[in-house]
Amino acid sequence: QITTLINHKDKPKRSDKTLQAIQRVGQAVNLAVGRFVTVGEAIANENHELKEEMSVACIEARRAGETIAQLTDVASLDHPESDSHITIFTDKTGVVKAARLLLSSVTKVLVLADRIVIKQIITSRNKVLATMEQLEKVSSFQEFVQIFSQFGNEMVEFAHLTGDRQNDLKDEKKKARMAASRAVLEKCTMMLLTASKTCLRHPDCESARINKDGVFHRMRLALEQVIEIVTDSRPNGENEMAPISIYSGIKEFKNKVEGLRENLYFLSKENLSTMLEVILEHTEDFTDSAYTSHEHREHILELSKQAKMELEQLVSVWMQAQNQKTKDLMEDLEVAILKTCQCMNELKREVHSAATSLAADLLKYHTDHMVLKALKITGVEGNLEAVAEYTCKLSEQKEQLVEMCRLLRHVSGTEPLEITCIHAEDTFQVTGPQIISAAETLALHPSSKIAKENLEVFCEAWESQLSDMSLLLREINDVFEGKRGEKRVYLSLPRPGKHNANLKALKPVKLDTEEQAKIAKLGLELHLLTSDLDSETEKWEDQENQIVQHGQGMSSMAYSMYLFTRGEGLLKTTQDLFHQAEIFATEGTKLASALHALSDQVHDDDKPLLLLEAEKLISMCKQLQITAKASAQGKSATFTKVDACILKTRNVMTLLCQLLPLCCKLLRKNKAGNGCIKPAPPWKEDRIRTGTNARTPERRVDTFGIKSLENHVTNMTFLESK
């Protein structure tokens, strides 16, 4: 909205519509700033150490918003401005200054609020650590019950805070690391309970103590990693070593090789040779592995040798082309580039096949969990010799699974999946010995119910990780086959070749700058309507209502179409826009069906009006679908179609802004005493909830095991009779 004001072009003639649009933008900015500042002031009042800084920033933001509203108060001007009335037309620099002040102060408020959130997470972590220290030292069940109840509540709070933070992270790599750390904390919270109980029941048992110490150590590491991610720092100023995989190495190598087409001098032959050496060094993880099949090993060695030869040939032609750019030499260089890249693709395919086939075989072989079942049976029998035998088998299984994770990391395809593989490797590496110590404890105390329960908990963690590996393997295969990897915010975005039969025949194009300028006003109107509709949906108490959900979905799609008019967002081409318009229209038809369902609940007097509006919506959505599906050849026809789609989308949104208040009013009328409007939530609740109208809605990450943990803490009935 601010950009629209700054870029507004002065014209000698200004229509009433233009004046009204400018005033609406100014008012919208001022209202938004007002809401924003109210939240900032509430945060300031609850955090005295930053209250002064936050208050100053809020005052600056409010002042800037009011200035913008004053300068854009031009709707009543039907004559040249008088000297006493300064507006955007007489003082453009005033709007620019106010906008700069506004953006500066808003940024400051956001940074201060972020510092508060980080401080809350650190404080929560410190509470958890302090309580953990008390839990380690307890010597009686009664004391343990009291402290663990406190610990459980503190972990629930930490789970909420870190879950919100995980959702807010923009870096997918950090998000994956946070998810891994929180997964560890979820499992370890339950392990800590049973391991501590076992140690209290059998205080002289060495294996029980080792088992408990392992859980505490792992939880401390996970808590530390969460703080590293939140504060973006590492202990002792260490730099994080990014895991290097064969996939990422091959991708970078190919980019450099293909770059020679544009520039023969941007890197040295030594650089290329070193990059290939690093890749081939990593392939030794496959060729040296005892679990790689003979056939895969031979193919990898053969392709490694071929890659060296292809690079030698490429370097030879490349050096000649640097000295003399003849047509023949450039053609030879192109052939050498293609052959080198093809060889690297084949190597990538081979290591992928080796890793995924091994993983599939191992996961299938271990699905029966025979070793775990045997450990439970022999432990209850007190058969120490048999337990020792099966712990050796579990150690072998652990080595196989750890090796599988290492190989899968090389072919995972994305950084988040690489991190998930590393997390899985760590989990098997740590959980294996913990199962062994728990089994040994049970074998030494075969009649102990708590020792048996403890072994069950660790075995469940192992089985859960094996189950997760099956999902991870599927995701890795999906990335390799190109089914995923590019993140989509809206599920309704086009997938070429799947939804639209005409897609292949049409060449996707983008709007140029001139076309964006022509359609900017229409886009702005669409933007204002999405804000209005969002405000209406937020008033509904029942956010699960079908009418609200369809309305929110349509608002998000309309917003993405507005971003398209600015050359931003995920809709990159006109074909993306047309498909989005189709999905928008389909969603509108669904909303009309929900209106028909509502008409059955309202009084007879209100039914005709509601049905009339529903029919009007269906008609408008059908028109939009026809427009979106119509073929358009040539630049002019395509732009006309874009303009028509956005215009008809705007008309639908205008109708929705009238419909939703009507529906809410009718529901309130029919459910007297159960009003459907709710007051605005306080800032803390608002910060925690997802916000279904967010512009880039992402799938919420459920806070780890909160419900089960809360229930567990509430029902602390684990004390045995003896």
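**Aromatic pairs**

Author: By the rule that rings of Phe, Tyr and Trp (its six-membered ring) pair if their centres lie within 6.5 Å, the count comes to five aromatic pairs. This is a predicted model, in which local features need pLDDT of at least 70, side-chain atom pairs count only at pLDDT 80 or more, and totals for chains, interfaces and linings use all residues. Residues are numbered from 1 along each chain as its sequence is written, and side-chain values use heavy atoms, with hydrogens and water left out.

Reader: How is the pair of F148 and F151 arranged?

Author: A pair of aromatic rings is described by the distance of the centres and the angle of the planes. F148 and F151 lie 5.6 Å centre to centre with 45 degrees between the planes, and form a tilted pair, where planes under 30 degrees apart count as stacked, over 60 as edge-to-face and the rest as tilted. Because they are three residues apart in helix α5 (residues 141-168), about one helical turn separates F148 and F151; helices are DSSP runs of H or I with at least four residues, numbered from the N terminus. Ring pairs also link F144, F148 and F151 into a cluster.

Reader: Is A558 buried or exposed?

Author: Buried means under 20% relative accessible area, exposed over 50%, and partly exposed in between (1.4 Å probe, protein chains only). A558, in helix α17 (residues 546-565), has a relative accessible area of 0% and is therefore buried. Leaving aside neighbours within four places in sequence, A558 is in contact (heavy atoms within 4.5 Å) with L526, T530, F584, T649 and M653.

Key:
Helices (H or I, at least four residues) and strands (E, at least two) are DSSP runs, numbered from the N terminus.
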